[in-house]
Amino acid sequence: MRTVTDDTPPHGRNEGGPALIELYRRMVLIREAEKSCGALFAAGEIPGFIHLSDGQEGVSVGVMASLRPDDTIASTHRGHGHALAKGLGLDGFFRELMGKADGACKGRGGSMHVADLSVGMLGANGIVGGGIAIALGSGLAQKLRGGDGLAASFFGDGALAEGIIHECLNIAKLKTIPMLFVCENNGWSEFSPTSTQVTFTLEKLAAAYDIPYFGIDGSNVEKVADLAADLVARIRRERGPIVLECSTTRIRGHYEGDAQRYRNDPAPPVDPLSITRATLEERGVAVADLEGIEEAARAKVQQAVEAARSSSEESLSEAQAEVYAVEATR
Amino acid sequence: MSEARFAHAINRSLDDAMARDPRVLLLGEDIANAGGTFAVTRGLLDKYGADRVIDMPIAENAIAGMAVGLALGGYRPVIEIMFMDFMTLTMDAMVNQAAKLHFMFGGQGAVPMVVRTQHGGGLNAGPQHSQCLEAWFAHIPGLKVVVPATLDDAYALLQSAIDDPNPVIFVENKALYPMKGELSDAPTPVPLGKARIARSGTDVTIVSYGAMVHKALAAAEALAGEGIDAEVIDLRTVQPWDEAAVLESLARTHRLVVAHEAVEAFGVGAEIAARMAHIGFDDLDGPIVRVGGAFMPVPFGRTLEVEYMPGAAQIFAAARATYD
């Protein structure tokens, strides 16, 4: 294992792979960022709708540990974890969610559209299933360009009911596109149990397209990271699609403010952070070190929030000037 | 200069764009091996290979969505949607994704993609294969809409559409594909958003685009027999449309007709009429009159469809009505 520092970029499981404590550090940063999102939303400092991914950090961090900046991902409405794990900085993140001019997207998209093309993050998406075909096209671009880059599409189990997933699985296989389909199965299709919405399993669906399928406990970041490292390496080598389904837990509601009267979970939610923390303690990591990681994450988040608060919003005329791209192309 | 058909002009434009720019890719249903439903892409597979002329399954939403991903990935996809009626199946990709990404991502990246599709009646293709839906796309900030009328324009506007850094809907009229005309060896480049005067006149301005331009020209000839000298403006680009050119013509003729094959209600003509009624109010000597399809689906039967299709006679009557 190489030395892991605070500044380790969120890529590179394949180059020896980050240690579990580094994966924990990345998950904690996402959790702390989203905790702040919830508080800022409740306080009215973040407008609109936000969908938190608490409980799903193991998937974001585990999969992204094997991706490089030139690999591309398309995400979902629950995309904060994906964006941060892929390398979007906290400053651009918070400023965007607070609608500020120096946000990642100049405050024009907000939570549901955070994107950072410079790290291959092709955007969260307000349309369920809306990112899958974009990722597939990006995967085709990776293939045509040569090299060993790939695209990953994150989607929830609710998206399995959308027709676009069928179109994309079919084309991915037909055209042999280097694409990792990552399903975050949290059991919920917005406000309804997915069991009341979807009659099939993704495993059987993948089999129908003859696409290799792998299922994993998405709450165990180490397992996700190890499996993703293998699958990503295989896609880099073989240049075809693979389906990865991660069972996971949506700790919060569909959106912040969701009273969740429909919800009656039989057991308390599985928290990937608690699991990882316990494992690290078992392996002899000092509690003080873990607390240090948590404290550092809180400090970073707080710093980004303070900075975002002091930023201002863009003017309407500035926004209107970028409805169309104007770059000369020939 | 040589005689060619409208479809050949588009084929040559695609060919030349692919030859000069390795980023240009074609994707669509039956465009490679079959050469396209209307043979517009014939021969390009042999010339550029299956990595650049890509046959796709019947999955319009995925094709359009993939074009967004390809465009973000540095390519210049030109997708073919076989009939404009099938654009209904691409609406998420076009309206929610392609049109908005550049804006929504704060100016990061661009989506330089072209959707070639064809609209129009006259071939008894029926209610689901004849619609002119360009106004839908013109209504969406972030999209551009081009509808050529001549061979040289079809060639040149497609070049401009491919070079544009934004998603462009390039609408061909299926009835024009077999039309013969002169195709220049090197058509003069035409920027998007620039109209042309298809016929100069002094008495009434007829604004049109696509196949309807030819009907407007026929109507203008008939009007000349009545002593009315009509000017015909070919918009070429519906979004953005050349407001200045229309206003300039109206300022000379003081009368305005807007004619298109698409359903009249809530159409492109409504937008042009409303703008001119506002900014051109002082220049108007009569009512602005629209010509468009009746508010009904395009009917199938031979006589039904002939009766349905708006044409030179309606434009002629509309020009006369500007004197009422």
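This is a predicted model: local features need pLDDT of at least 70, side-chain atom pairs count only at pLDDT 80 or more; totals for chains, interfaces and linings use all residues.
Where the two domains meet, 26 residues of domain 1 of chain B are in contact with 24 residues of domain 2 of chain B.

H6(B) provides the largest share, with four residues. Sorted by class, the side of domain 1 that touches domain 2 in chain B holds 15 nonpolar, eight polar and three charged residues.

## A seven-stranded sheet

Now have a look at the sheet in chain B. Seven strands form an open sheet with mixed pairing, in the order E3-E2-E4-E5-E7-E6-E12. Strand E3 (53–55) and strand E12 (237–239) of chain B are the edge strands; each has a single partner strand, so one side of each has no neighbour in the sheet. On average, neighbouring strands are turned by 20 degrees against each other, direction ignored.

You can follow one pairing residue by residue. Strand E6 (residues 144–146) and strand E7 (residues 168–173) of chain B run in the parallel sense and are joined over three bridges. In one of these strands, E7(B), you will find B:Val168, the bridge partner of B:Lys144.

Helix H3 (residues 60–72) of chain B packs on this sheet, where it touches strands E2 (24–28), E4 (76–81) and E5 (114–119) of chain B. The direction of H3 makes about 170 degrees with that of E4(B).

## Chain A as a whole

Chain A has 11 helices and seven strands. Its C-alpha atoms fill a box of roughly 60 × 50 × 45 Å along the principal axes. How does its radius of gyration fit a compact globule? A compact globule of 330 residues would have a value near 20 Å, and chain A, with 19 Å, agrees with this.

Of the 330 residues of chain A, 52% count as buried. Among the contacts in chain A with a separation of 6 or more, 76% join residues 24 or more positions apart.

## Where the chains meet

Between the chains, 35 residues of chain A are in contact with 34 residues of chain B. On the chain A side, helix H5 (132–145) and helix H6 (163–174) each supply at least two residues. The largest share, nine residues, belongs to H5(A). This side of chain A is made up of 20 nonpolar, nine polar and six charged residues.

Conventions:
Residues are numbered from 1 along each chain as its sequence is written. Chains are lettered from A and ligands numbered from 1 in the order in which they are written. Two strands pair if DSSP finds at least two bridges between them. Axes are lines fitted to C-alpha atoms, for helices over the stretch in contact, and angles run from 0 to 180 degrees between N-to-C directions. Two residues are in contact if their C-beta atoms, placed from the backbone, lie within 7 Å. Ala, Val, Leu, Ile, Met, Phe, Trp, Tyr, Cys and Pro count as nonpolar, Asp, Glu, Lys and Arg as charged, and the others, Gly among them, as polar. The radius of gyration is taken over C-alpha atoms; the globule rule is 2.2 Å times the number of residues to the power 0.38. A residue is buried if 20 or more other C-beta atoms lie within 10 Å of its own, exposed if 12 or fewer, and partly exposed in between; C-beta atoms are placed from the backbone.
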